[in-house]
Amino acid sequence: MNINESSPGKVTGYEEIINGVLIKSANQVTIQISFLTMDIVRIRYCTGDRFDDHFSYAINKQFQSDEFMLIIIDNRDNLIVKSETVVVNIHKPDSKIIFTDTSGNIICRDEQGFHWEEHPVYGGDIVKMSKVIQEGEHFYAMGDKTMHLNLRGRRVTNWAMDTYGFRKEEDPIYKAIPFYTAIHNNRGYGIFFDNTFKSVFDFGSERSVVTSFWAEGGEMNYYFINGPQLIDVTRRYTMLTGTPEMPPLWALGYQQSKWSYYPESKVRDVATRMRKERIPCDAIYLDIDYMDAFKPFTWDYKKFPKPKEMIADLEKEGFKTIVIIDPGIKVDLAYDVFKEGLANNYFCRRADGPYMKGKVWPETCYFPDFTNPKVRKWWSGLFYELIYEMGVSGIWNDMNEPALFEIEGKTFPDDVRHDFDGHPCSHRKAHNVYGMLMAKATYKGVKKYRNGLRPFILTRSAYAGTQRYAATWTGDNIASWEHLWIATMQCQRMAITGYSFVGADIGGFIDHPSPELYTRWVQLGAFQPFFRTHSSGDHGDQEPWSFGKETLNIVRKFIELRYQLLPYIYTAFYQYVSEYTPMIRPISYYDQMDSDTLYRVDEFLLGDHMLVCPILEPNVESRFVYLPRGQWYDYWTDTLWEGGKEIKADAPMDRIPIFIRAGAIIPMQPSMLYVGAQTVETLTLHVYYGGEETLSYLYEDAGDGYEYSKGIYNRKEFKTRVTADSFRVSLKVSGHFEAAYKRYNVVIHGLPMELKSVFINEKKADRDVFKFENNNLIVEVERTKLLSIEVKK
């Protein structure tokens with residue numbers, strides 16, 4: 001221990017509190033242990049006379065603690081607090097904590113445990129925690145880190161930074177989400193360190209058998225989250241920090257962006273070409289050049305003489321308009337937004353009183369203090385003209401780390417003051433939540449003025465919980481194969497960090513991709529939740545037609561596949577919102593009992609049943625794929641593979657390996673040029689034989705608006721079941737939404753049996769009701785609330 005560091009010392013007493021205990025130690029430390037649920041335990045340490053106010057931007061206000069009985073055992077050496085699933089053992093001689101399961105198996109235990117020292121410059125505590133790394137332990141999550149999915153042996157920092165053209169292993173970058181998951185001996189758990197100061201996590205980098213985390217201020221306040229399944233760790237963390245509302249369905253479609261599309265005629269040309277080339281697309285973005293001198297909430301009427309008319313015309317062609325809004329407000333007394341902010345003291349100030357002044361795109365700017373609720377309310381109101389009057393459909397928040405030009409550290413100095421919702425503090429504490437609270441204020445404003453339609457917000461910077469307000473992208477990446485790999489890691493990592501609505505700039509923002517790289521990136525992006533091409537205009541065009549006809553045809557094919565899969569992807573989003581499951585997940589989250597999955601990071605599952613294996617290297621026409629245990633169908637050929645092993649899969653330029661779990665049902669619709677371009681008259685259900693008994697789901701609602709919150713939606717549960725002489729598909733529906741389609745086209749893949757008869761709702765079907773096509777059984781049936789199809793030998 002450092003000579004300046006202190007530790008709690010021995011336990012001197014305790015008292016029972018609701019769902020926990022309050023412990024006193026010899027060195028005047030108070031330790032609060034609170035069970036929020038049987039599997040989520042909050043641990044707080046106070047080195048002063050009282051705990052900080054219970055205040056967190058990360059914790060979802062809708063989260064409610066459970067009420068349950070705890071068992072508390074006090075013996076000579078240990079104080080033990082037990083729920084039905086987790087045991088917290090406090091070692092009295094040194095106040096160190098061990099988390100075990102109810103069988104006594106160690107899940108996580110303190111090494112030095114909590115220790116602290118006074119900050120030599122700012123005062124207050126540097127708070128630290130160290131824990132023992134168990135044999136074979138792997139570490140995941142932590143937001144947008146640019147490295148291998150397993151963080152073992154690495155050290156990372158949480159401090160949101162504008163990191164233009166970041167590289168593999170570079171850290172920190174845009175987001176600060178202090179949550180990790182871990183697994184050893186098939187037992188998964190997580191730690192969420194809810195402290196907004198700059199923090200560091202060391203996963204065995206300094207000492208190979210110790211993981212530690214510390215922050216430059218604030219409180220040692222962390223949540224232990226039990227599994228034992230990794231996916232349940234992420235689910236419980238996501239339940240704690242919240243999920244978004246259902247997005248508008250169009251936001252899951254393809255989106256086209258560039259820095260910058262201007263003037264107005266250029267935007268119209270891109271939209272016209274998109275439709276001419278029959279490329280599905282739902283949104284076009286306007287970057288900073290649509291503004292007057294880059295001032296937020298203004299228009300450059302020379303470049304965009306009739307923006308309202310342009311937005312309406314784009315809407316008629318199926319394009320939503322998304323515009324960028326940055327936090328920097330130009331110092332200009334002729335600028336109404338600046339004058340309002342100045343008059344109402346809404347801008348950040350330095351410690352001695354001057355305004356926080358910095359240069360960004362509009363040159364010298366002041367910056368709103370988004371940690372002040374009055375400022376957030378004002379900011380929300382500024383969207384009236386853009387959203388309500390002009391018809392803009394979504395807002396893209398950039399530069400909100402906050403980023404600055406021409407200043408050391410590229411962000412605000414530490415002495416800038418913030419309201420912090422009535423808990424005044426310096427920028428050291430507020431920095432990591434600045435972007436989050438800008439996104440929250442933007443979300444509130446867009447929602448208010450969308451006339452009952454769902455808002456769409458995109459943010460670059462984020463802290464834990466920002467997923468409640470906005471989608472996100474991975475920032476200013478590079479057109480390189482390395483960055484294609486990084487995007488694969490980042491989006492998986494973000495999803496298991498509770499932030500599923502994520503994607504990367506397809507093709508890379510910086511530099512220009514080759515046709516092959518762009519093709520492979522679209523093939524990846526089509527299976528990531530946020531699907532957008534974005535690029536820097538000074539590096540060349542990056543629209544789907546910019547790379548030649550062959551590339552255009554392949555890209556169109558995968559964008560069309562995205563639209564065909566929207567029912568499945570929308571359902572995965574619903575499961576994220578309602579069940580807290582990540583939309584995409586590493587294969588270790590599918591089957592952690594198979595230790596081989598812990599080492600495979602460049603393939604992932606989308607939803608419950610679809611395994612996606614992107615191509616991340618040039619000049620490749622095949623790749624090795626590890627199939628998790630069970631049986632898997634090649635999506636393209638229907639070849640059935642036994643899992644639990646590595647196979648070599650074909651990957652010519654016009655496809656990537658995709659596999660469907662046996663027993664799964666994948667709902668698909670016809671491709672269309674944009675969401676709502678045509679009425680879906682028949683929904684196709686692709687059913688994959690096998691799997692003994694397998695559940696699949698389909699969620700449906702209007703795709704926009706809030707009728708779903710009143711119960712106007714459908715949740716359909718499909719079950720497939722294999723017996724010795726039959727294969728049965730059944731459906732039951734809950735909900736009250738009336739879908740447009742009237743029929744199901746049921747396509748059963750992989751039937752191994754000689755067909756004798758087909759029964760629909762227990763009645764033997766006539767031969768003209770079903771047919772065989774490409775070795776698949778196809779049955780057309782009416783849409784009903786209850787349905788069963790049974791195929792018998």
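Among contacts in the protein between residues at least 6 apart in sequence, what percentage join residues at least 24 apart? The figure is 69%. Keep in mind that this is a predicted model.

**The overall picture**

Strands and helices first: the protein has 51 strands and 11 helices. For 793 residues, a compact globule would have a radius of gyration near 28 Å, and the protein's 27 Å agrees with that. Buried residues account for 64% of the 793.

**A closer look at Ile 107**

Ile 107 sits in strand S9, which covers residues 106–118. Is Ile 107 buried or exposed? Its relative accessibility is 2%, so Ile 107 counts as buried; the cut-off for that is under 20%. Leaving out residues up to four places away in sequence, Ile 107 touches Phe 99, Thr 100 and Asp 101, plus Gln 134, His 184, Arg 187, Tyr 189, Phe 224 and Asn 226. Take Arg 187 from that list: it is 80 residues from Ile 107 along the chain, yet the two C-alpha atoms are 6.8 Å apart in space.

**Helices around H10**

Two packed helices are described by the angle between their axes and the distance between the axes. Here are the values for H10 with two partners.

| Helix pair | Axes come within | Crossing angle |
|---|---|---|
| H9 (residues 515–525) and H10 | 9 Å | roughly 5° |
| H10 (residues 549–564) and H11 (residues 566–579) | 5 Å | roughly 55° |

Start with H9 and H10, whose axes cross at roughly 5°. Angles under 35 degrees count as roughly parallel, so H9 and H10 are roughly parallel to each other. On the H9 side the contact uses Pro 515, Tyr 518, Thr 519, Val 522, Gln 523 and Gly 525, and these meet Thr 551, Ile 554, Val 555, Phe 558, Ile 559 and Arg 562 of H10. By class, the contact of H9 with H10 splits into 7 nonpolar, 4 polar and 1 charged residues.

Now for H10 and H11, which cross at roughly 55°. That angle makes H10 oblique to H11. Here H10 contributes Arg 562, Tyr 563 and Gln 564, while H11 brings Leu 566, Pro 567 and Ile 569. The contact of H10 with H11 comes to 4 nonpolar, 1 polar and 1 charged residues. Arg 562 of H10 turns up in the contact with H9 and again in the contact with H11.

Notes:
Residues are numbered from 1 along each chain as its sequence is written. This is a predicted model: local features need pLDDT of at least 70, side-chain atom pairs count only at pLDDT 80 or more; totals for chains, interfaces and linings use all residues. Side-chain values use heavy atoms; hydrogens and water are left out. Axes are lines fitted to C-alpha atoms, for helices over the stretch in contact, and angles run from 0 to 180 degrees between N-to-C directions. Helices (H or I, at least four residues) and strands (E, at least two) are DSSP runs, numbered from the N terminus. Angles under 35 degrees count as roughly parallel, over 145 as roughly antiparallel, 65 to 115 as roughly perpendicular and the rest as oblique. Contact means heavy atoms within 4.5 Å. Ala, Val, Leu, Ile, Met, Phe, Trp, Tyr, Cys and Pro count as nonpolar, Asp, Glu, Lys and Arg as charged, and the others, Gly among them, as polar. The radius of gyration is taken over C-alpha atoms; the globule rule is 2.2 Å times the number of residues to the power 0.38. Buried means under 20% relative accessible area, exposed over 50%, partly exposed in between (1.4 Å probe, protein chains only).
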